[in-house]
Amino acid sequence: MIKKILISFVLVLLILTGLYTWKTKTSKPLVSSNSAAISSENFEDKQFNYQNNKLSSSCKLGSEMACAVDFAVKCTLNPDYEGCRESKLPKFIFMTDEALERPTEMTFKIAKIKPIHPDLVEVHTDSTCNGKWFGLCQGRIIYVLVPSENNGWRVKDIYAIEI
């Protein structure tokens, strides 16, 4: 009985390994590596300021990656901002507990854009805000970007690091 279970387990493991190998060998990246090669020099010494009551409906940053960060910041300030609830932003952005001290004003400056692989890019920002909000608006904040369905970029995750 144990031999049959062991043989079945090994067979399933081999099949899964084969399928994984086939998938990784035959699938193409969603985005070419050239599109991730945007430089943070395009944003050198530019600070972007946002206020909850003065959010523009368009992004004029000139980069899809920067516009993804712009959208995440707008949704951070106002989760009811147009398109936020329908987006695939991290769910913690929409939490409404008063103890979180959601900011009403926020600034960021792009410090570095770091491609991890063609379908994953980190945008490092130096940010300030007038709230606490999980500690994700003060200091070095990293926005993890992935390709979106509309051939642009979207923020998949946000985290902070100490510098």
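A salt bridge is taken here as a side-chain nitrogen of Lys or Arg within 4 Å of a carboxyl oxygen of Asp or Glu. The structure is a predicted model, in which local features need pLDDT of at least 70 and side-chain atom pairs count only at pLDDT 80 or more, whereas totals for chains, interfaces and linings use all residues. Residues are numbered from 1 along each chain as its sequence is written, and side-chain values use heavy atoms, with hydrogens and water left out.

A search of the whole structure finds 4 salt bridges. One of them joins D80 to R85, with the closest N and O atoms 2.9 Å apart. Burial is described by relative accessible area, where buried means under 20%, exposed over 50% and partly exposed in between, computed with a 1.4 Å probe on protein chains only. By these limits D80, with a relative accessible area of 57%, is exposed, while R85 counts as partly exposed at 41% relative accessibility. Another salt bridge is formed by D126 and R140, whose closest N and O atoms are 2.7 Å apart. This pair links distant parts of the chain, since D126 belongs to strand β3 and R140 to strand β4, 14 residues apart; helices (H or I, at least four residues) and strands (E, at least two) are DSSP runs, numbered from the N terminus. D126 counts as partly exposed at 29% relative accessibility, whereas R140, at 15%, counts as buried.

Helix α1 comprises residues 2-26, and its 25 residues reach 36 Å from the first C-alpha to the last, close to the 36 Å expected at 1.5 Å a residue; the expected span is 1.5 Å times one less than the number of residues in the helix. This helix is hardly covered, the count of buried residues among its 25 residues being 0. For α2, which has 14 residues, the distance from first to last C-alpha is 20 Å, close to the 20 Å expected at 1.5 Å a residue. In α2, 12 of the 14 residues are buried, so that the helix is largely enclosed by the rest of the structure. The elements that cover the buried residues of α2 include β1, β2, β3, β4 and β5, contact meaning heavy atoms within 4.5 Å.

Among the buried residues of α2 are the charged-pair members D70 and K74, which form a salt bridge with the closest N and O atoms 3.0 Å apart. Because K74 and D70 are 4 residues apart in helix α2, about one helical turn separates them. An α-helix has 3.6 residues a turn, so residues three or four places apart point the same way.

Strand β4 is itself largely enclosed by the rest of the structure, because 8 of its 9 residues are buried. Strands are regarded as paired if DSSP finds at least two bridges between them. β3 and β4 run antiparallel and are joined by 7 bridges, with E122 standing opposite V144 in β4. β4 and β5 also run antiparallel, joined by 8 bridges, and the bridge partner of L145 in β5 is V155. The hairpin of β4 and β5 has 5 residues between the strands, and in this hairpin N151 takes a positive phi near 65°.

Positive phi values also occur at residues in other loops. E101, which is not a glycine, has a positive phi of about 50°; E101 lies in the loop between α2 (64-77) and β2 (105-117) and is partly exposed, with a relative accessible area of 40%. F134, likewise not a glycine, has a positive phi of about 60°. The loop that holds F134 runs between β3 (120-129) and β4 (139-147), and F134 counts as partly exposed at 38% relative accessibility.
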